[in-house]
There are 2 protein chains.
Amino acid sequence: MEQIESSANGRIKEWAKLLQKKERDKTGRFLAEGDHLIEEALREGLVEVIISDHAQDYAFEPKILAPSHVVAKLSASVSGAHSVAVCRQKKAEPSAMNRILMLDGIQDPGNLGTLIRTAVSFQYDAVICSEKTVDLYNDKVIRSTQGSLFHIPVLRTDLEACVRQLQDEGVCVIATTLEDAVPLSSLSRPERYAVILGNEGSGVSRVLQDSADVRVRIEMAGFESLNVAVAGGIMMYELSEKPEIGGRQ
Amino acid sequence: MEQIESSANGRIKEWAKLLQKKERDKTGRFLAEGDHLIEEALREGLVEVIISDHAQDYAFEPKILAPSHVVAKLSASVSGAHSVAVCRQKKAEPSAMNRILMLDGIQDPGNLGTLIRTAVSFQYDAVICSEKTVDLYNDKVIRSTQGSLFHIPVLRTDLEACVRQLQDEGVCVIATTLEDAVPLSSLSRPERYAVILGNEGSGVSRVLQDSADVRVRIEMAGFESLNVAVAGGIMMYELSEKPEIGGRQ
């Protein structure tokens, strides 16, 4: 098994650049740290190489044994990490998708991670983020997804063009807003649909609201608003198919 | 207007103790920082005194003008604060409540804050936390509630005794679990109900599951689980009364 002893090693330095968003975007790669996330990435076939202070425990090849102070150079966490994997980003095409979550400028990494986790729970086919959405491969996002990031394609693109493309393909685009909207409980589920959720402060952009096929609001009697990850969970649950139960008991 | 110039002042030192949970529990007081949270606390009549480097801007009395390095002694945030208010904790009795959220050992401050915010949005009458739940007056919890903490009574008590008391009063207790549970969409709304959500890792405790009147699960086809704040949002929305719409359109 290959070993690297020094954090001045050229490949370590090259991989450490993946801690920066610019490099992740350029190369289509990212770093996953910790045994749990690496297992999930392995299951999805996304891992290119594992660098670990207990590399012998991984059945995967190629792997590199390195002391923890070297592995720490590839870690985004203050306390370092014992294992890091260099991974390929999962790619997909938005055609032939039936359930899509679109995120317009989500800024909080925890919210983005939780929304991805929820989309996987409700078997969405993809998550499509606007360019302004917080970086997907931010370590806080990866942690909040609880490993589910590797089970769903997540794209980053221009949402306005994407909405037009989806509509051309017969996908019903649903925007969540507070004004000029039908109550969620009155909405019947389209066969193929995309749900757009907006930025924590400003919501779904005006342009996207106007181009959506339906505008929906979550009925609330009380306080001003919901956290966007909670609103997304309610939307996804409500639109999901439930087993037939012959009406409420 | 009174002024304090030194952070060695006896009252500043006394109030700074409220940064510790023990002192908050002992005194029934807590610190709210920032203009937005202080406005919300003022609206609910919970403020005892405001300490601020722009105290003249507050219509409230008593207020104390202090330089920002003194106010910072009362702040939980690294970057300090310009205004802090000493507040009374809101108290309430669980009788005569129709909609109650019970939290059994929630550990993440962001989850607790988001759940409180959601409960206010769906007009719950109270949130009741187990003794093991993360401290309510943790500054991260207060921030995640977005000021809604002041609009709802939040109690901390022994949940097992509380469940029995509520059941004696005719409240239907609903526990969220994964096993031996009816699907959420098959549940009809009881007139008075309490929803129990559990710890992020271990869920609702066995004892509480067994004593609940109903066990409910959120139908999902995909991945393992939902974030507890998302699960809580789905439960609260689904159980809420929607305007009559003559069936789905």
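Select B:Ser83 to start: this residue sits in strand β5 (residues 83–88) of chain B. Helices (H or I, at least four residues) and strands (E, at least two) are DSSP runs, numbered from the N terminus.

Before moving on, two notes on the model. This is a predicted model, in which local features need pLDDT of at least 70, side-chain atom pairs count only at pLDDT 80 or more, and totals for chains, interfaces and linings use all residues. Residues are numbered from 1 along each chain as its sequence is written, chains are lettered from A and ligands numbered from 1 in the order in which they are written, and side-chain values use heavy atoms, with hydrogens and water left out.

**Stop 1: around B:Ser83**

Stay on B:Ser83. Its relative accessibility is 1%, so B:Ser83 counts as buried. Buried means under 20% relative accessible area, exposed over 50%, and partly exposed in between (1.4 Å probe, protein chains only).

Show the side chains of B:Ser52 and B:Asp35. The side chain of B:Ser83 makes a polar contact of 2.8 Å with that of B:Ser52. Another polar contact, of 3.5 Å, joins the side chains of B:Ser83 and B:Asp35. A polar contact is a pair of N or O atoms within 3.5 Å; within protein, one must be able to donate a hydrogen and the other to accept it, and residues adjacent in sequence count only if both atoms are side-chain atoms.

Now widen the selection to contacts, meaning heavy atoms within 4.5 Å. Leaving out residues up to four places away in sequence, B:Ser83 touches residues including B:Ile38, B:Ile51, B:His54, B:Tyr58 and B:Val71.

**Stop 2: B:Ser130**

Go to the loop between β7 (126–129) and α6 (139–144) of chain B, where B:Ser130 lies. Is B:Ser130 buried or exposed? With a relative accessible area of 4%, B:Ser130 is buried.

Look at its side chain. A polar atom there lies 2.9 Å from the backbone nitrogen of B:Gly105. The side chain also makes a polar contact with the side chain of B:Thr133, at 3.0 Å. Beyond four places in sequence, the residues that B:Ser130 touches include B:Leu103, B:Asp104, B:Arg156 and B:Leu159.

**Stop 3: strand β11 of chain B**

Select residues 193–198 of chain B. Six of the six residues of this strand, β11(B), are buried, so the strand is largely enclosed by the rest of the structure. B:Tyr193, B:Val195 and B:Leu197 point one way. B:Ala194, B:Ile196 and B:Gly198 point the other way.

B:Met102 has B:Ile196 as its bridge partner in β11(B).

**Stop 4: the sheets of chain A**

Switch to chain A. Seven strands form an open sheet in the order β8-β7-β6-β11-β9-β12-β10, with parallel pairing. Two strands pair if DSSP finds at least two bridges between them. At the edges, β8 (154–156) and β10 (182–183) each have a single partner strand, so one side of each is left without a neighbour in the sheet. Within the sheet, four bridges join β9 (residues 172–176) to β11 (residues 193–198) of chain A. The partner of A:Ala175 in β11(A) is A:Ile196.

Another open sheet has five strands, in the order β1-β4-β3-β5-β2 (chain A), with mixed pairing. Its edge strands are β1 (2–3) and β2 (29–33). Two bridges join β1(A) to β4 (residues 63–65) of chain A, which run parallel. A:Glu2 has A:Ile64 as its bridge partner.

**Stop 5: A:Asn138**

Pick A:Asn138, in the loop between β7 (126–129) and α6 (139–144) of chain A. Its side chain reaches the backbone nitrogen of A:Lys140 at 2.8 Å. Past its neighbours within four places in sequence, A:Asn138 is in contact with A:Arg24 and A:Pro109.

**Stop 6: where the chains meet**

Show both chains. 37 residues of chain B are in contact with 37 residues of chain A. Across this interface the rule finds six residue pairs in polar contact (both at pLDDT 80 or more). Color α5 (109–121) and α9 (228–239) of chain B: these are the elements that give two or more residues to the side of chain B that touches chain A. Which element gives the largest share of that side? It is α9(B), with six residues.
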